[in-house]
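Me: Got a model open here. Can you walk me through a few local features?
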Amino acid sequence: MINFIKKVIKKPVKKIFEWTEKTSAAAGYKLTPKIFKKDIYIPIEIIAVFIYISLLMTLSFDLDLPLSGVFGLIIFLAIIMFFSVIYIKRTHKEFISDDEGVMLTGFVIIFIVFLSGALKIYGIPVWTVPTSVASILITLLISPVVAGVASLIVSIFLGILFDFSISIFLFSFIGNLVSIYFSARVKNRHDIVKIGYYVILINIIFVGAFSFIEDWESDIILPSVLWSAANGIFSAMLASAFLPYLEKFFSKTTSIRLLELSDFNQPLLKRLKFEAPGSFHHALMVASLAETAAEDIDANPLLCRVGAYYHDIGKIAAPEYFIENQSAVLSKHEDLKSQMSSFIVISHVKEGVRLAREYGLDKIVIDVIQQHHGTSLVHYFYMKAIESGMNDTEKSVYRYPGPRPKTKESAIVMLADSVEAASRTLEEPSYTHLQEMVYKIINNKFIDDQLTEVELTLADLDKIAKKFISVLAGIFHSRVEYPEENKEENK
Ligand SMILES: [Fe+2]
Ligand SMILES: [Fe+2]
């Protein structure tokens with residue numbers, strides 16, 4: 001949804017930019033506002049200012065402060081926001097370029113701020129304010145670190161809002177930390193309810209402890225404990241209710257969603273399984289390779305697995321044209337010109353993207369489908385065409401349209417895909433053969449400039465290669481001769 005809005009805004013802004021550039025060039029000077037050249041993005045500072053204004057607005061309604069107090073509050077909150085932005089910028093660079101993530105964080109914080117203000121106005125006890133919603137949603141949709149910073153801002157605000165109470169600040173912050181810890185371990189939507197139980201437990205313990213520390217009167221202890229328990233229920237309920245809408249609106253994919261997509265009962269995977277069983281089996285092998293390799297280089301193993309399951313989904317359109325689905329001795333390509341064969345093979349990427357969109361797959365999975373061949377060559381038909389005397393102008397027909405992998409996960413799936421396909425051609429794979437094959441494939445992709453748009457170091461590629469080799473050695477277990485065994489035999 002956000003992407004759609006950005007696209008709508010981008011067009012007129014680009015037009016204005018192009019017009020400005022043209023007219024300024026015609027007038028004899030150069031004007032190139034770089035901001036419009038690439039993409040429209042929302043800087044984190046803008047969102048921080050929105051949060052800051054929301055905090056001040058809500059507090060100005062509820063706090064009866066003298067002018068000097070208001071001035072002090074303005075400075076104090078500005079310092080909090082300033083250091084929060086600096087911290088996030090230093091520690092979480094990828095978050096800065098994540099427009100949707102930045103806007104989502106801002107939205108969640110501002111929502112909690114206004115909700116807390118409203119609950120206070122209506123005289124609802126502070127213990128019920130479900131601040132843990134912020135940490136649950138931001139942990140699930142973005143990251144625990146960003147959720148930690150958001151929790152700190154929300155808790156400081158709550159402490160100030162309720163008469164500068166340190167106990168309220170601690171109550172909110174500890175509840176949020178507990179939520180972050182358990183949210184990071186959520187595997188399905190039902191687990192969010194369990195976070196609610198933990199929040200209830202910690203809230204009851206906290207309120208109970210504070211009732212002793214501050215020596216509360218006995219008639220307010222029980223209601224406070226009950227309200228704090230209700231807080232856990234509200235937090236889990238609100239988080240569960242908001243999550244699917246925020247996922248859609250901000251184009252975010254949680255690990256819960258990825259796990260749902262990894263279910264083989266998903267309609268598209270079912271179709272792949274029955275309509276292109278060879279491709280389905282290939283996808284499983286690629287998933288196993290990609291998931292294992294991702295663990296070592298700080299990529300997302302779950303996204304690699306799900307991306308790999310769906311990467312060749314476009315083959316459903318014409319499964320018999322792909323070698324893994326051909327049972328007959330005669331290939332479907334036998335009677336076709338190389339150019340036509342190449343066109344059919346290449347079209348599985350476009351078809352995959354189309355099907356993925358039709359079935360409502362998430363953007364990060366569609367990106368893997370679209371990028372898994374990059375701009376690689378359809379080698380077999382290219383060589384065949386060369387043999388039959390192809391001229392230079394036809395060469396582009398044998399390349400995938402791209403784009404090249406832009407994320408670590410797409411790159412890993414690309415490499416795993418090629419390695420898996422090549423491993424099927426090995427009849428008697430020794431460990432050395434596997435090693436040679438894996439390194440050769442990765443080298444070729446590197447030399448062919450397929451990995452230039454992704455942040456992977458040579459050390460990362462080496463780690464990926466080693467993981468691929470170990471997985472393949474496990475698959476070909478009974479047939480693989482390890483170097484040590486060879487040495488023993490040679491003695
Ligand atoms: Fe493919
Ligand atoms: Fe593939």
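Me: Which handedness does the crossing of H13 and H14 have?
Reply: H13 passes H14 in a right-handed crossing; right-handed means the near helix is turned clockwise from the far one by less than a right angle, left-handed anticlockwise. Helices here are DSSP runs (H or I, at least four residues), numbered from the N terminus. This is a predicted model: local features need pLDDT of at least 70, and side-chain atom pairs count only at pLDDT 80 or more. Residues are numbered from 1 along each chain as its sequence is written.

Me: Which residues of H14 make the contact?
Reply: Pro 301, Cys 304, Arg 305, Ala 308 and Tyr 309. Contact means heavy atoms within 4.5 Å. On the H13 side, the residues include Ala 283, Leu 284 and Glu 291.

Me: At what angle do the axes of H13 and H14 cross?
Reply: Roughly 160 degrees, and the axes come within 8 Å. That makes H13 roughly antiparallel to H14 (over 145 degrees). Axes are lines fitted to C-alpha atoms over the stretch in contact, with angles from 0 to 180 degrees between N-to-C directions.

Me: New topic. Where is Asp 298?
Reply: Asp 298 sits in the loop between H13 and H14. Its phi is near 65 degrees, a positive value in a residue other than glycine.

Me: Is Asp 298 buried or exposed?
Reply: Asp 298 counts as exposed, at 70% relative accessibility (exposed is over 50%, buried under 20%, partly exposed in between, with a 1.4 Å probe and protein chains only).

Me: And which bond joins Gly 402 and Pro 403?
Reply: A cis peptide bond, with omega about 0 degrees. Pro 403 is in the loop between helix H17 (379-387) and helix H18 (408-423).

Methods. Chains are lettered from A and ligands numbered from 1 in the order in which they are written. Side-chain values use heavy atoms; hydrogens and water are left out. Helices (H or I, at least four residues) and strands (E, at least two) are DSSP runs, numbered from the N terminus. Angles under 35 degrees count as roughly parallel, over 145 as roughly antiparallel, 65 to 115 as roughly perpendicular and the rest as oblique.
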